[in-house]
Amino acid sequence: MSQEKSHISSYQSHVFVLLALLALTAISVAVTTLELGRLDTLVAMLIAATKAAIVLVWFMHLKFDNKLYAIFTVLVLVVFLLVLYVTFFDYSYR
Amino acid sequence: MEKNAEHTHVHRDDEGDKLGMWLFIFTELLLFGMLFLIYAVYRYRNPVAFQLGGEEVDVFIGTLNTVLLLVSSATVAMSISAIQKGLKKHALVFLGITLLIALVFLVNKYFEWGAKIEYGFYPGGEALLELGHGTILFFGLYYVMTGIHALHILIGIGLFIYVFQQIRADKIHSTDYIWLENTGLYWHLVDIIWIFLFPLFYLIH
Amino acid sequence: MSESTKSNHTSFLEYKGKYRGILGWILSTDHKRIGLLYLYTMLVFFSVAAILGLLMKIQLIAPGHTIMGPATYNAMFTMHGIIMIFIIVVPGLPAVFGNFFLPLMIGAKDVAFPKLNLASWWIYVIGILIVLTSQFLGDGPPDTGWTFYAPYSFQTPANIVPALVGAFVLGFSSILTGINFVVTIHRLRTPGMTWFKMPLFPWTLYATAWIQILATPVIGITLLLTVMERTLGVGIFDPALGGDPILYQHLFWIYSHPAVYIMILPGLGVISEIIPVFSRKRIFGYKAIVLSSLAIAFVGYFVWGHHMFTSGMSGRALFAFSFLTFLVAIPSAVKVFNWVATMYKGSLIFQTPFFWAVSFIFVFMIGGFSGLTLGSLATNVHLHDTHFVVAHFHFIVFGGTGFSFLAAIHYWFPKMFGRMFDASWANIGWVVFFAGFLTLYLPMFSLGIMGMPRRYYDYLPEFHAANILSSLGAMLMIAGAMIIIVNLVRSARYGKKTNEKNPWGGKTLEWQADTPPTLENWEEIPEVTEKPYEY
């Protein structure tokens, strides 16, 4: 069932994705030696989010699979970020 | 059980199985999400202690483990590509590499934790209790979050062994590989969690 | 049954599989048998927890020590809460009626993962057993209340860890059921049943299942952290080590407020099924009910802070949570409006399920309005942790989930057991129970306004009169519950047999299946062309 449509990624494409992830890791490690102060956290989190997105889209096949999974993933992330945001209504103003 | 006896054909729905796996991944995301929330709150309240805490952690082992997990994510993805193409041998090799890397990750973790525990740097440990509240929280979270993550690595290893056997026994093959695919999804989730744990505990300071 | 059925298919109740006797039940992957397994398990534990509740009310019939001291009282309200919340109302309707009727209502043969479904029940039973060990092992039963608030939960010498671990395991069961239902609804709807032709009970189960998936892990990790706090002293919630106990409350309620919607949403679904059938009228505003279910599930996720108005949150957070709380009342009100509009000018049929459904609306309204009282900041400060809160959540959780559960079991009883319940005893039970319920909980509102705090075994003499009334109400309500339970159990065994597929004249798919359904539900998968509830 439902096998016929599934997308097969080539080995090369996985290697490219891996190289991108490793490059981002290297950048992330390098940036912390720059002592950016408060920007440090922001940059590190942005890089991590990019890496996670790459894993989701290519390794976890969100790009090729049923769009439903992508929609759900985004919704779940929105719920989580809103929970985080609402929690900080308390902590940022205490 | 008694149903299967009655069924003329066994109900199979790969797409449904995958949806189930994704839903499970969402529960995991929320579970770790709450740990990240706790981390965010305490980092916000103890910025200096968390900064100093980050300098106490071994960046080399952290980076090494990050690279290892990323490579293992690629190999498990390649193993799925291989099985889709019907290349059983390739699939087994890639899966074997993934399994091996998962084990190495845990060995590294053992040494990393071991070095700290030796100095009394663990929850309730004397050296840690002498330090300030922020540091206690940093290391409390460090052990809890990397510990629960390591538990997931352990479960992943169990899954890999099972799937490896199934491929060898031709139970998983080019037209029925949902078990491998879902195990892969699980492993990528474990990778994603680490992608965030790594900067939070090892990098930013 | 088999002697009178036309086809040679036997009903699921009499089907003989690989296993015989009780094994044929506890190892069955048939969704209908699993639903009944949950029902029987819950019946046992509901009785236990209801007796605990009755004992507490007897203690409160007079000030001072009547039948128990403070320590026993603390242990009792803790156990009453843990059983009622984690074992009864959270799994409640989805586990019993969701399992039994979701596949029937969407024209499927079973849920998506039958083995996982059986595993859920087993995990549920294991969770219960772990919780129960907390009563008998270690240094005395838990006395924290079902909320396990930090820091007391890791300071009390009582045996908390098994209760925490048990609740964690029960959460697992809940997550697996949620995953099962979402996949079932996505993948196994019968041909022609588009999303907006799906009946409303499955819709509410869908919304509920999402909350189970996204909220339950939050309590899981929170309970786990509390276990670690007790055993390892990680300091995350311990103020002595820098932790913030209020963060525990945040995390606890991030789950436990949505959990209230896990409890109530399927109940709203049941009422939405019963009202059109007994009004012989199309449901008013089908889409509005669907959307309000989804809206409740979503907005309900962000209102948790209203449990913590007096805990010391920032002023901004207070405003935000109060506002969001008022927001979530809107979709609930939409539903009530739609039910009443459905009944308007309908040909009402006055039978037991309808009585339960209408009384549900009544108690749900009282529960909802008292919720708004608690959701506004000024009144909350006065009412927080008083008996007003106890009355409010019993009106919602017991009045809401309990009444809809009883509505559901009377509505679907003939389909489930192939027998009819004794209608006159069922109606007597309803009258006695309803009267007892109001006598028990209404006085608590005024007790709370007068300032009687909750969770104390003792009170000031000026509260005596209302407490006597309330305690007598408790006895009346338990009498009503006994009439209902005895009547249902008797009817399930000796009631008048019926093979009538559709005794109430319902339009949803489950009424097209055999009574009781066969193992695979359908000889031919039914096809759907029109919306449900077209009268």
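Reader: Why is Asn521(C) called buried?

Author: Its relative accessibility is 2%, and buried means under 20%, so Asn521(C) counts as buried. The model is a predicted one, and this value is computed from it.

Reader: Where does Asn521(C) lie, and what is said of its phi?

Author: Asn521(C) is in the segment after strand 2 of chain C. Its phi is near 70 degrees, a positive value in a residue other than glycine. Most residues other than glycine have a negative phi.

Reader: What makes Asp170(B) a case of positive phi, and is Asp170(B) buried or partly exposed?

Author: Phi of Asp170(B) is near 60 degrees, and the residue is not glycine. Asp170(B) sits in the loop between helix 7 and helix 8 of chain B.

Reader: What kind of peptide bond joins Ala150(C) and Pro151(C)?

Author: The bond between Ala150(C) and Pro151(C) is cis, with omega about -5 degrees. Pro151(C) belongs to the loop between helix 5 (114-136) and helix 6 (160-187) of chain C. Thr515(C) and Pro516(C) are also joined by a cis peptide bond, with omega about -15 degrees. Pro516(C) is placed in the segment after strand 2 (496-497) of chain C. Most peptide bonds are trans.

Reader: How do you know that Asp14(B) and Arg12(B) form a salt bridge?

Author: The closest N and O atoms of Asp14(B) and Arg12(B) are 2.7 Å apart. A salt bridge needs a side-chain nitrogen of Lys or Arg within 4 Å of a carboxyl oxygen of Asp or Glu, so the pair qualifies. Asp14(B) is buried because its relative accessibility is 4%, whereas Arg12(B), at 27%, counts as partly exposed.

Reader: What makes the pair Arg12(B) and Asp176(B) a salt bridge, and what does the pair tie together?

Author: The N to O distance is 3.7 Å, which is within 4 Å, so the side chains of Arg12(B) and Asp176(B) meet in a salt bridge. Arg12(B) lies in the loop between helix 1 (2-6) and helix 2 (14-45) of chain B, and Asp176(B) in the loop between helix 7 (133-168) and helix 8 (178-203), so the pair ties together parts that are 164 residues apart in sequence. Asp176(B) has 23% relative accessibility and therefore counts as partly exposed.

Reader: How many salt bridges are found over all chains, and which residues are linked in a network?

Author: A search of the whole structure finds 14. Asp65(A), Lys18(B) and Glu181(B) are linked in a network of salt bridges.

Reader: Why is Pro123(B) called buried, and what is in contact with Pro123(B)?

Author: The relative accessible area of Pro123(B) is 16%, and buried means under 20%, so Pro123(B) is buried. Pro123(B) is in the loop between helix 5 (88-118) and helix 6 (126-129) of chain B. Apart from neighbours within four places in sequence, its contacts are Leu128(B), Tyr143(B), Leu232(C), Gly233(C) and Val234(C).

Reader: What makes Leu46(A) exposed, and which patch includes Leu46(A)?

Author: Leu46(A) has 52% relative accessibility; exposed means over 50%, so Leu46(A) counts as exposed. Leu46(A) lies in helix 2 (residues 39-59) of chain A. With Leu34(A), Leu36(A), Leu39(A) and Leu42(A), Leu46(A) forms a nonpolar patch on the surface, and together they have about 490 Å² of accessible area.

How values were computed:
Residues are numbered from 1 along each chain as its sequence is written. Chains are lettered from A and ligands numbered from 1 in the order in which they are written. This is a predicted model: local features need pLDDT of at least 70, side-chain atom pairs count only at pLDDT 80 or more; totals for chains, interfaces and linings use all residues. Side-chain values use heavy atoms; hydrogens and water are left out. Patches are made of residues with over 30% relative accessible area and no salt bridge: like charges are joined within 9 Å, nonpolar side chains (Val, Leu, Ile, Met, Phe, Trp, Tyr) within 5 Å. Accessible areas come from the Shrake-Rupley method with a 1.4 Å probe; for residues, only the protein chains shown count as cover. Helices (H or I, at least four residues) and strands (E, at least two) are DSSP runs, numbered from the N terminus. Buried means under 20% relative accessible area, exposed over 50%, partly exposed in between (1.4 Å probe, protein chains only). Contact means heavy atoms within 4.5 Å.
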